[in-house]
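Please open the model in your viewer and keep a selection panel at hand. The stops below are meant to be followed in order.

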Amino acid sequence: MTRRQKELYDFIVKYMRKNIMAPCYMEMIDHLGLSKKSKSVIHKFLKELEREGFIKITPAKQRGIKINERR
């Protein structure tokens with residue numbers, strides 16, 4: 001996991017503890033200080049986190065992110 005992926009992962013975990021749902025793409029973009037056009041960067045980070053087993057993404061569901069229990 002890269003530093004930026006960890007930053008995003010930690011943000012998602014904290015956000016979900018507080019709000020019971022996952023953050024939207026724009027909230028993740030804002031948190032990382034990326035350009036508003038950086039949705040593909042967030043998508044790439046999320047896919048990598050899913051591939052590594054940290055999260056599970058539900059396709060076609062808004063805010064469809066689930067945190068996996070630590071391996």
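This is a predicted model: local features need pLDDT of at least 70, side-chain atom pairs count only at pLDDT 80 or more; totals for chains, interfaces and linings use all residues.

Begin by selecting helix H3, residues 39-51, which has 13 residues and reaches 18 Å from its first C-alpha to its last, close to the 18 Å expected at 1.5 Å a residue.

Next, show the side chains of Ile42, Phe45, Leu46, Leu49 and Glu50, which are buried in H3. Because these residues cover an arc of only 135 degrees around the axis, they lie on the same side of H3. Then turn to the other side of H3, where Ser40, Lys44 and Arg51 are exposed.

Now keep H3 and helix H2 (residues 25-32) in view: the two pack at an angle of about 95 degrees, with their axes 10 Å apart. An angle of 65 to 115 degrees counts as roughly perpendicular, and H2 and H3 are therefore roughly perpendicular to each other. For the contact itself, select Tyr25, Met28, Ile29 and Leu32 on the H2 side, together with Lys39, Ile42, His43, Phe45 and Leu46 on the H3 side. Coloured by class, the residues of this contact of H2 with H3 comprise seven nonpolar, one polar and one charged.

Key:
Residues are numbered from 1 along each chain as its sequence is written. Side-chain values use heavy atoms; hydrogens and water are left out. Axes are lines fitted to C-alpha atoms, for helices over the stretch in contact, and angles run from 0 to 180 degrees between N-to-C directions. Helices (H or I, at least four residues) and strands (E, at least two) are DSSP runs, numbered from the N terminus. Angles under 35 degrees count as roughly parallel, over 145 as roughly antiparallel, 65 to 115 as roughly perpendicular and the rest as oblique. Contact means heavy atoms within 4.5 Å. Ala, Val, Leu, Ile, Met, Phe, Trp, Tyr, Cys and Pro count as nonpolar, Asp, Glu, Lys and Arg as charged, and the others, Gly among them, as polar. The expected span of a helix is 1.5 Å times one less than its number of residues. Buried means under 20% relative accessible area, exposed over 50%, partly exposed in between (1.4 Å probe, protein chains only). The arc is that of the directions from the helix axis to the C-beta atoms.
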